[in-house]
Amino acid sequence: MRMMGWTFLKGVFLVGLVSTSFASDEQEASDGAPTYHMRTGARAHGPLQQQHDMILSDLEAILRECGLKEGMTVWDVGCGTGTLTRLLAEKVGPTGHVYALDFSAAQLDVARVAVQEDGHTNVTFVQHDLTQSFAIKEDQKGDFLVSRFVLMHLEDPKAALSRMRDYVKKGGACLLMEPDNSRNSLARPCEEAQSFRRALLEVGEKAGLDYSLGARLGRLCEGVWQVKSVHEKWYQNDAAGTQKLWRARLEEMEEKLLTSRMATQEQIDGWHHMIDNLSSKEEGWYSSALLYYVHGVKE
Ligand SMILES: C[S@@+](CC[C@H](N)C(=O)[O-])C[C@H]1O[C@@H](n2cnc3c(N)ncnc32)[C@H](O)[C@@H]1O
């Protein structure tokens, strides 16, 4: 296994390495995503797209390094609203194919429309729960598989990694991406921002999210995927970028925080105030977050 610490920092990110907007029980029941605790569909799309855009240039470089090529068949597992699916569809081109899998009908609906608007005709959407086995046909098997911000939501990520192995041909590759939010930091911490970050982590953990999965991802692949490299990559978010993401997060999660009694209305008002004032922070204020990219091969 090769571990690489990338020496440059760029882009923006933060607690937003995972979307922390929570679904209502009604949404989960009607959506085909009973074990997913975040919002799905149009309301989920903005933050996912923002995260995708922030890591895009690194992602393109890593995909190239991992051998993604035109003409390949690729699986996007836990495709969400399709941000990565669309990139993959473009990279493999009309001679290639993308299978985009998710258990949420609402996520798939958003992804389907976006793919159509892009004019891609090389994508097949698959509604399936990753915790169940999938009878994949031989001609559907991929040369490549990607999965981003998905394993951290699963109770048994190792079992999912084994199932994903079936989705690719012998010699096929995977690129897995998961965060380690336990190491997120602020350049100039203030108590209000710290308590907001803690609340985001706490409410997510309570819902069963594994926020530090990224750091264990390489080890988790052992015996399933032959790990070729692990990229450890920090992202920074300046005050304006942080404000945009945090505002979305707080609006999305305040009800959950209140109903689960993890925050008082007074605290929430204080966080809104802190976020409103983020844009007045002096230069040099930033939040940072860590993302792991694991490249594996099916031997
Ligand atoms: C945070 S989103 C990430 C979406 C996309 N990979 C991206 O990076 O933009 C996680 C996705 O995993 C999907 N997901 C979670 N658990 C799943 C399961 N058991 N089976 C299939 N999809 C699942 C969710 O529906 C959601 O769309």
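How do the residues of the shell around the ligand divide into nonpolar, polar and charged? I got eight nonpolar, eight polar and three charged. For these classes, Ala, Val, Leu, Ile, Met, Phe, Trp, Tyr, Cys and Pro count as nonpolar, Asp, Glu, Lys and Arg as charged, and the others, Gly among them, as polar.

A note on the source: this is a predicted model, where local features need pLDDT of at least 70, side-chain atom pairs count only at pLDDT 80 or more, and totals for chains, interfaces and linings use all residues. Residues are numbered from 1 along each chain as its sequence is written, and side-chain values use heavy atoms, with hydrogens and water left out.

**Ligand contacts**

I looked up who comes nearest among the 19 residues around the ligand, and found Gly78, Asp102, Gln107, Leu130 and Arg148. Near here means that a heavy atom of the residue lies within 4 Å of the molecule.

A side-chain N or O atom of Asp102 is 2.6 Å from an oxygen atom of the ligand. Of the 590 Å² of accessible area that the ligand has on its own, the protein covers 100% (Shrake-Rupley method, 1.4 Å probe).

**The cavity**

I searched the whole structure and found one cavity of 30 Å³ or more. A cavity is a set of points, on a 1 Å grid over the protein atoms alone, where a 1.4 Å probe fits but cannot get out; lining residues have an atom within 4 Å of a point. The largest cavity holds about 420 Å³ of space, a volume being the space filled by probe spheres set on grid points joined across faces, edges and corners. Of its 29 lining residues, Gly78, Gly80, Asp102, Phe149 and Val150 are the closest to its centre. The lining divides into twelve nonpolar, 13 polar and four charged residues.

And what takes up the space of the largest cavity? It is the ligand, by the rule that more than half of a molecule's atoms lie within 2 Å of the grid points.

Conventions:
A polar contact is a pair of N or O atoms within 3.5 Å; within protein, one must be able to donate a hydrogen and the other to accept it, and residues adjacent in sequence count only if both atoms are side-chain atoms. On a 1 Å grid over the protein atoms alone, a cavity is a set of points where a 1.4 Å probe fits but cannot get out, and a pocket is an open set with protein on both sides within 12 Å along at least five of seven lines; lining residues have an atom within 4 Å of a point.
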